[in-house]
Amino acid sequence: MAICFELVVNFGDDAEAAQAAARIDPKPWVLRAGAHRIPLHRPMLAKGGSYIELSILPVAVSWGCGLDGSLPRFQLTAAELTELGNQLYELLAQFRGYVAAKVGWDPESFLDPAELRSEWSDELNDGSIHGLVLCEKLHAELDPSADYEAFQPGYLWIPYRGEEPSNLTTD
C-alpha cells in the first residue's frame, strides 16, 4: 500500500478548470527540500466519486508509490517536507475553479464535501484540519465556527502548519 505526500485538489464537476490545472508543466517545478531538489510527477486527473480530483506528487518522496518505480526514496525531515508542502501550496495558488484542496500524507479523505459534513465536522469547526483550502461557496455551506483566513481570492483556509516528525520522516 502506498502512502503519498501530495497536493490533492477537488474540482467538483468543473472539467475545464481541472484540465487547465493538469496541463501545468511540472518540468520547471523543481521543489526545494533542504539540500535536495525534487521534481514533480506529471499531474494526474481521476474521477473521485462525484467529483474530479487532481493529484500532484513530488518524485521519490512517497512510500511505495508506483510512479516512482525503482527510484531511491528521498529521506526527508519534517522540516524538509514542510518546505515541500509550502511550495505545493504556491502551485495551488495558480489554480482556479476548485472546491477544496490539501497538501499532506494521503489528504484525499478531507476533500469530499459529504465526508467533510459527516465525518470531519468537529475538525472543521475547531480548525484542526490545517492546510485545508475551501472555496467560499463550500465554506459558507459547511459554516465552520473556526476562523478561516484568506488563501487567495475566492478561497479560505486554516493555514498549513507543516509536517511533524513521525515514522514517515527521518527525524
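**Figure 1. Strands β2 and β3 pair in the antiparallel sense over four bridges.** The model shown here and in the other views is predicted. Strand β2 covers residues 30-33, and β3 covers residues 36-39. Two residues lie between the strands of this hairpin, where Gly-34 takes a positive phi near 60°. Ala-33 of β2 stands opposite His-36 in β3.

**Figure 2. Tyr-98 and Tyr-155 form a stacked pair.** The count of aromatic pairs in the model comes to nine. In the pair shown, the ring centres are 4.0 Å apart and the planes meet at 15°, so the pair counts as stacked, the cut-off being under 30 degrees. Tyr-98 lies in the loop between α2 (78-92) and β6 (100-105), and Tyr-155 lies in strand β9 (residues 155-157), so the pair ties together parts that are 57 residues apart in sequence. Both Tyr-98 and Tyr-155 are buried. These two residues belong to one aromatic cluster together with Phe-11 and Phe-95.

**Figure 3. Lys-102 places its charged end over the ring of Phe-110.** The distance from the charged end of Lys-102 to the centre of the Phe-110 ring is 5.6 Å.

**Figure 4. Helix α2 is mostly covered.** Of the 15 residues of α2, 11 are buried. Leucines among them are Leu-81, Leu-84, Leu-88, Leu-91 and Leu-92. The buried residues also include Ala-78, Glu-80, Thr-82, Gly-85, Gln-87 and Tyr-89. At 1.5 Å a residue, α2 should span 21 Å, and its end C-alpha atoms are 21 Å apart, which agrees.

**Figure 5. Asp-13 is exposed.** Asp-13 lies in the loop between β1 (5-10) and α1 (15-22). The relative accessible area of Asp-13 is 70%, so the residue counts as exposed, for which the cut-off is over 50%. Asp-13 and Lys-47 are 34 residues apart in sequence, and their C-alpha atoms are 9.5 Å apart in space.

**Figure 6. Strands β4 and β7 mark the two ends of the confidence range among the elements.** Strand β4 (residues 44-48) has the lowest mean pLDDT, 89. The highest mean, 98, belongs to strand β7 (residues 133-135). The protein as a whole averages a pLDDT of 93, and 99% of the residues score at least 70.

Note on methods:
Residues numbered from 1 in each chain as written. Predicted model: local features only at pLDDT ≥ 70, side-chain atom pairs only at ≥ 80, totals over all residues. Heavy atoms only, no water. Phe/Tyr/Trp six-rings, centres within 6.5 Å; stacked < 30°, edge-to-face > 60°. Buried < 20%, exposed > 50% of the residue type's maximum accessible area, 1.4 Å probe, protein only. Lys NZ or Arg CZ within 6 Å of the ring centre and 35° of its normal. Pairing = 2+ DSSP bridges. Expected span 1.5 Å × (residues − 1). pLDDT = per-residue confidence, 0-100.
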